[in-house]
Amino acid sequence: VPLGNLMLQLSPRLSLRWMPVLVPAALLPGCASKKKYDPAKARLSKFVDVPAQKLYDRALAMMNKKHRIWPFKRALHRTATPRDMFTEVTRRPDAGPLRELAEVRIADSYRIEGSDLSYAEAIARYKTFLQFHATHAEAEDVQWQLSQCFYNQRSKPGRDQNMGRNAEAEPTVFATKYPTG
C-alpha cells in the first residue's frame, strides 16, 4: 500500500500521530546503500603497490625507533601505524614466511603499548601464535614475551592474583619447553 493511500485510510488525528514514524521509515532504505568512509583503508591504500617484504621492513623500522614513541591508536593519526602495516602484511598473498613474523610483531605492538587491555590482547595473540606455530624459530621469544606480559599485568596485593600466579608459572613452562634458551 503506498504511503499516501495508507494515510488516507487512517483517521486525520491518527495520521498526524504516525507521521513522524512512517515518513522516516519510508525514506530509510535510500540511506542504506551509501558506502561509508573507512579511514583504515584510506591510510593503507598507499601501500597497495608496495611488496610485502618492503612493507614489513618499513613497519619494523617504525616500531624499532629509539624513542619508541609511535602512534598505536588509529583514531588519533592519519598515517598508517606499524600495527596497521603488519596487519596488511598478514593479509597479503605474497607475504609467505613474513605472515607469521607479522603476527608476532602485532602482538609485540600491543605489549609495548603497556595498558592492561593491551597486555590481555598481546597474551591472546601470543598464545594463538604458539598454538599454531609451536616449532617456529620465534616460538622461544614468543613464550618469553608471554611470560613478561603476565608479569607486567600482575595486580597489587589484596587484589586478584591470577596474573601473578600465571607470571610465576610461565618461566617454568619456558624452561621446560626450551631448556637451552
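User: Why is Arg 105 called buried?

Analyst: Its relative accessible area is 14%. Buried means under 20%, exposed means over 50%, and partly exposed lies in between (1.4 Å probe, protein chains only). Since 14% is under 20%, Arg 105 is buried. This is a predicted model: local features need pLDDT of at least 70, side-chain atom pairs need 80 or more, and totals for chains, interfaces and linings use all residues. Residues are numbered from 1 along each chain as its sequence is written, and side-chain values use heavy atoms, without hydrogens or water.

User: Where does Arg 105 lie, and which residues is it in contact with beyond its sequence neighbours?

Analyst: Arg 105 lies in helix 6, residues 98–113. Helices are DSSP runs (H or I, at least four residues), numbered from the N terminus. Contact means heavy atoms within 4.5 Å. Leaving aside neighbours within four places in sequence, Arg 105 is in contact with Tyr 56, Leu 60, Met 63, Phe 86 and Glu 138.

User: How do you know that the length of helix 6 agrees with its number of residues?

Analyst: The expected span is 1.5 Å times one less than the number of residues. For the 16 residues of helix 6, that gives 22 Å. The end C-alpha atoms are 22 Å apart, so the two agree.

User: Which residues of helix 6 are buried, and what covers them?

Analyst: Among them are Leu 98, Leu 101, Val 104, Ile 106 and Tyr 110. Just after helix 6, Gly 114 takes a positive phi of about 90°.

User: What makes Arg 105 and Asp 108 a salt bridge?

Analyst: A salt bridge needs a side-chain nitrogen of Lys or Arg within 4 Å of a carboxyl oxygen of Asp or Glu. Here N to O is 3.0 Å. That is within 4 Å, so the pair qualifies. Both residues are in helix 6, 3 residues apart, which puts about one helical turn between them.

User: Why does Asp 108 count as buried?

Analyst: Its relative accessibility is 8%, against a limit of under 20%, so Asp 108 is buried.

User: What else do the side chains of Asp 108 meet or join?

Analyst: Asp 108 also meets Arg 111 in a salt bridge, at 3.9 Å, N to O. That value is still within 4 Å, so it counts. Asp 108 and Arg 111 are likewise 3 residues apart in helix 6, about one turn. Arg 105, Asp 108, Arg 111 and Glu 138 are linked in a network of salt bridges. A polar contact of 2.3 Å joins the side chains of Asp 108 and Tyr 126. A polar contact is a pair of N or O atoms within 3.5 Å; within protein, one must be able to donate a hydrogen and the other to accept it, and residues adjacent in sequence count only if both atoms are side-chain atoms. Not counting residues up to four places away, Asp 108 touches Met 63, Tyr 126 and Gln 145.

User: Are Arg 83 and Glu 113 buried or partly exposed?

Analyst: Arg 83 has a relative accessible area of 9%, under 20%, so it is buried. Glu 113 has 24%, between 20% and 50%, so it is partly exposed.

User: How do you know that the buried residues of helix 7 line one face?

Analyst: The buried residues are Ser 118, Tyr 119, Ala 122, Ile 123, Tyr 126, Phe 129 and Leu 130. Seen down the axis of helix 7, they fall within an arc of 140°, so they line one face. The arc is that of the directions from the helix axis to the C-beta atoms. On the other side, Leu 117, Gln 131 and Phe 132 are exposed. The buried residues pack against helix 6 and helix 8.

User: Why is Thr 81 called buried, and where is its place?

Analyst: Its relative accessibility is 1%, under 20%, so Thr 81 is buried. Its place is in the loop between helix 4 and helix 5.

Methods:
Helix = DSSP H or I, 4+ residues; strand = E, 2+ residues; numbered from the N terminus.
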